[in-house]
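Hi everyone, thanks for coming. Let's take a friendly walk through one protein model together.

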Amino acid sequence: MTVYLDHAATTPMLPEAIAALSAQLTTTGNASSLHASGRHARRIVEESRESVARALNCRPGEVVFTSGGTESDNLALKGIFWSRRAEDPRRTRILASAVEHHAVLDPLDWLAEAEGAEVELIGVDHAGRLDLDALRASIERDPGTVALVSVMWANNEVGTLEPLDEVVALASEHRIPVHTDAVQAVGSVPVDFARSGVDALSLSGHKVGGPFGVGALVVRRELAVTALMHGGGQERDIRSGTIDAPAIAGLAAAVELSVKHQPEHSARVSVLRDDLVRRVQEAVPGAIYNGSAGQRLPGNAHLTFPGCEGDSLLMLLDARGIECSTGSACSAGVPQPSHVLLAMGFTEADARGALRFSLGHTSTAADVEALVQAIGPCVERARAASVRGR
Ligand code: PLP
């Protein structure tokens with residue numbers, strides 16, 4: 001039996017999303033074609049756009065379908081930076097939190113290197129919450145030079161919810177656009193685009209029970225976004241490429257359902273998560289629960305096990321059929337301490353003992369039970385291995 005505790009990496013598709021996707025796989029038609037089959041595909045795409053817009057409270061015309069979270073983040077950062085700088089060449093600064101996903105951090109590095117952007121990463125506290133005073137100081141140093149601000153809705157490693165209302169309030173004083181990576185937030189916490197006041201929001205299909213390789217950037221109509229790809233002019237000329245109607249139908253079904261069931265889902269999953277944390281800490285005295293107690297994704301349990309390598313622990317749990325994550329990316333096979341934990345003030349040694357357990361719509365009390373049974377012996381073995389390796 002597999003105990004899947006890695007829903008933040010990807011979550012199983014919802015049956016309704018599989019049905020919506022499969023139904024379209026059996027039809028033919030390019031959504032840009034004028035004949036009946038093309039019009040059918042176009043109708044599916046436009047109905048999907050409306051359903052995503054209803055779920056997130058934005059206008060259908062504000063939904064730009066993409067290939068997923070990474071593309072949405074790239075499009076927002078590069079596209080908004082280029083258009084804002086084209087309007088006023090002094091706008092070369094981009095402010096972002098230090099705990100963004102690599103889908104934000106790496107395009108920012110690229111913009112700095114290739115386009116001369118001045119990227120300022122704003123620090124966070126020990127729970128991973130953005131330092132608003134630092135953001136304010138950075139904006140106020142020279143507001144006319146800020147092209148955009150990007151702060152994630154919820155952190156993918158430690159689950160911390162960021163103070164987006166305050167970020168929007170600070171940026172809007174100077175009419176600076178705000179982008180948010182809401183890939184982990186949609187379906188887990190209430191996400192209302194219009195109410196949030198953000199100008200652009202990224203989401204991804206496979207994190208909400210939809211297919212891989214599809215997502216959206218919701219972007220206010222008034223905000224100019226320079227295209228990254230040029231071609232047939234689809235998606236308001238912002239994102240060329242033949243539209244993937246089946247994937248979009250699957251995405252829309254998943255967004256609609258995950259948002260509709262979000263309150264019950266979050267309530268159920270957070271009870272399981274709290275039980276998991278309490279019992280793991282009983283089984284392993286000294287295990288530390290990281291992140292924010294109150295401002296947190298319901299399915300996220302991020303713990304550090306002092307004296308262990310998170311990677312060894314992950315493999316020991318995997319051998320018992322329990323799947324989780326260290327939460328941080330591993331570049332070229334070499335485990336790196338997480339930039340998120342380092343920004344939160346962890347030492348490299350403490351950051352190495354981290355594991356993320358993330359629960360989702362298929363999680364059960366039996367999953368928690370299996371982890372609680374396995375974690376003690378696995379930590380003992382990982383600690384022994386770590387002592388031997390010194
Ligand atoms: N942003 C966040 C916060 C994520 O957690 C992820 C996925 O891990 C991404 C962006 C990338 O999304 P995708 O896998 O759809 O490219």
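This is a predicted model: local features need pLDDT of at least 70, side-chain atom pairs count only at pLDDT 80 or more; totals for chains, interfaces and linings use all residues.

Now let's look at some polar side chains. Aspartate 181 has a side-chain N or O atom 2.6 Å from a nitrogen atom of the ligand. Lysine 207 places a polar side-chain atom 2.6 Å from an oxygen atom of the ligand. For glutamine 184, the distance from a polar side-chain atom to a ligand oxygen is 2.8 Å. How much of the ligand does the protein bury? Taken alone, the ligand exposes 390 Å², and the protein buries 84% of that.

Let's zoom out. The domain assignment gives domain 1, residues 15-260, and domain 2, residues 261-388. Their C-alpha centres lie 28 Å apart. Where the domains meet, 29 residues of domain 1 and 26 residues of domain 2 take part in the contact.

The size of an interface is often given as the accessible area lost when the parts come together. Here, about 2200 Å² is buried between domain 1 and domain 2, with 57% of it from carbon and sulfur atoms. Which residues of domain 1 lose the most area to domain 2? They are His126, Glu157 and Val158, together giving 32% of what that side buries.

Notes:
Residues are numbered from 1 along each chain as its sequence is written. Side-chain values use heavy atoms; hydrogens and water are left out. A polar contact is a pair of N or O atoms within 3.5 Å; within protein, one must be able to donate a hydrogen and the other to accept it, and residues adjacent in sequence count only if both atoms are side-chain atoms. Accessible areas come from the Shrake-Rupley method with a 1.4 Å probe; for residues, only the protein chains shown count as cover. Domain bounds come from an automatic or database domain assignment. Contact means heavy atoms within 4.5 Å. Buried area is the accessible area (1.4 Å probe) that two parts lose on being put together, summed over both.
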